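I am opening a notebook on a structure that I have not looked at before. My plan is to look up one topic at a time and to write down what I find.

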Amino acid sequence: MAADPLDALRLSVVPVDPRPEFTAALLRRITSAAAEAQTRINEAVTGTSEEVGNIGLAIQRALDNAEQMQAQMQARAAAIDELVASGALERHVSSQPASQPPQGAPIAARVRDNPTVRYFVGDLDAAIEFYCQRLGFEEELRSAPAFAMLYGGGFRLLLSVPGLPGAGRALPDGTVPAAGGSNRITLQVADVTAAVAELRTAGVRVRADVSAGIAGRQALIEDPAGNLVELYEPAAGYQERPLPP
Amino acid sequence: MSTVSVRYIVDDVDAAIAFYRDRLGFRELMHPDPAFAMLTHGDLRLVLVAPVPAGHPGGGSRPMPDGTTQRPGGWNRFMLQVEDLAAAAGKLRAAGVTFRNEIVDGIGTRQVMIEDPSGNPVELFEPLRAEARLGT
């Protein structure tokens, strides 16, 4: 029988196991243990169990060991915390079929078919907050400080930081990528006037207020790095043209 | 049918249509005005617009309220997945397409940046790991 991943937390010296399979198994186990503990606590509150004391001891022991773990695995723990906080790892764990161990990468993102756009941002956290809080994107993966992957508006949006490893690195001639420019993604909204008013109230920079075009009305807002995002409200009755044969 | 829309500013809409159609496999949906075209590639709708004066009926490429003209270029870009980046890059180079860099192996993808005739970047990538692959 396989060892309980929670055993790692019960040991006085916590072993460092770098395998993603281990991290995933541990998180699964913690999740189920927490659910089990909650059930027991509920029972205890209604007087059907006397195990609360034991649970308290176990939790204290886990916390003590967790302190050691933290000291031992500081860098790694921070990375895992970030993933947990972002929900990426949790989603990954819950989406793994029990019969199949996770394959390969420690940072696993869901595979979707969304058209992909890369934007450059100087401040990764500020950009993530902007797209998630203001425009309803979901954070799929954050690999601070250089990269994040979001989903929203039908897009997969990659955020890269100029000057850092990855897509932000300088070109062979020394040119460094930068935020800005006029090219942009377009997000369709039901009421562009209301959307712009709400965003403006929230402190978002509006580069060009609502104006009428041929097939609808649009406005341009800026993310914290100065990249444009176009908000577009199609004119009533507008329909996408069918593909030519 | 396209599900999302990206707008690129171009100097010459006809040259841009030819580039995206002949080099990257886009299909032309409409080109009703010299300053406007709509192309499609899978789920991506690419709207190509040339800068127009303030009074122009087309709303997407007028100057900003502060007078700034919209321009091609910059670094933000859409990405197209290819199965064999070296082969794709070889074909594009032979066709005279401008490359902004050489093929780079990143963490999730092998990638390269090409430019359309107006200097807008397009990133071509070949997934190196499952999470970077579009579609299943």
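**Entry 1: a pair in chain B.** I began with B:Arg21, which is partly exposed at a relative accessible area of 40%, where buried means under 20% relative accessible area, exposed over 50% and partly exposed in between (1.4 Å probe, protein chains only). B:Asp22 is also partly exposed, with 46%, and the side chains of B:Arg21 and B:Asp22 meet in a salt bridge with N and O 2.9 Å apart. I use salt bridge for a side-chain nitrogen of Lys or Arg within 4 Å of a carboxyl oxygen of Asp or Glu.

**Entry 2: ground rules.** I note that this is a predicted model, in which local features need pLDDT of at least 70 and side-chain atom pairs count only at pLDDT 80 or more, while totals for chains, interfaces and linings use all residues. Residues are numbered from 1 along each chain as its sequence is written, chains are lettered from A and ligands numbered from 1 in the order in which they are written, and side-chain values use heavy atoms, with hydrogens and water left out.

**Entry 3: salt bridges in chain A.** How many salt bridges does the structure hold over all chains? I find 17. One joins the side chains of A:Arg142 and A:Glu139 at 2.8 Å, N to O; A:Arg142 is partly exposed at 23% relative accessible area, whereas A:Glu139 counts as buried at 11%. Another joins A:Glu233 and A:Arg217 at 3.1 Å, N to O. Because A:Glu233 lies in strand β8 (residues 228–234) of chain A and A:Arg217 in strand β7 of chain A, this pair ties together parts that are 16 residues apart in sequence; helices (H or I, at least four residues) and strands (E, at least two) are DSSP runs, numbered from the N terminus. A:Glu233 counts as buried at 17% relative accessibility, and A:Arg217 as partly exposed at 30%.

**Entry 4: where the chains meet.** I then turned to the interface, where 51 residues of chain A are in contact with 53 residues of chain B, contact meaning heavy atoms within 4.5 Å. The area buried between chain A and chain B is about 4,100 Å², of which carbon and sulfur atoms give 52%; buried area is the accessible area (1.4 Å probe) that two parts lose on being put together, summed over both. Between chain A and chain B I count 3 salt bridges. In one of the salt bridges, B:Glu123 meets A:Arg118, with the closest N and O atoms 2.8 Å apart. A network of salt bridges also links A:Arg205, A:Arg207, A:Glu222 and B:Asp66.

The rule finds 20 residue pairs in polar contact across the interface of chain A and chain B, both residues at pLDDT 80 or more. A polar contact is a pair of N or O atoms within 3.5 Å; within protein, one must be able to donate a hydrogen and the other to accept it, and residues adjacent in sequence count only if both atoms are side-chain atoms. Which element gives the largest share of the side of chain A that touches chain B? I find that β1(A) does, with 5 residues.

**Entry 5: B:Gln70.** B:Gln70 lies in the loop between β4 (44–49) and β5 (77–81) of chain B. Is B:Gln70 buried or exposed? At 3% relative accessibility, B:Gln70 counts as buried. A polar contact of 2.4 Å joins its side chain to that of A:Arg184, and the backbone oxygen of B:Arg62 lies 2.8 Å from a polar atom of the side chain of B:Gln70. Leaving aside neighbours within four places in sequence, B:Gln70 is in contact with residues including A:Ser182, B:Ile9 and B:Met64.

**Entry 6: chain A and its helix α6.** Chain A has 7 helices and 8 strands, and of its 245 residues 39% count as buried. In helix α6 (residues 124–134) of chain A, the buried residues include A:Leu124, A:Ile128 and A:Phe130. The buried residues of α6(A) pack against strands that include β2 (138–143) and β3 (147–152) of chain A. At the start of α6(A), a side-chain oxygen of A:Asp123 reaches to within 3.2 Å of the backbone nitrogen of A:Asp125. I close with A:Gly136, which follows α6(A) and whose phi is positive, near 75°.
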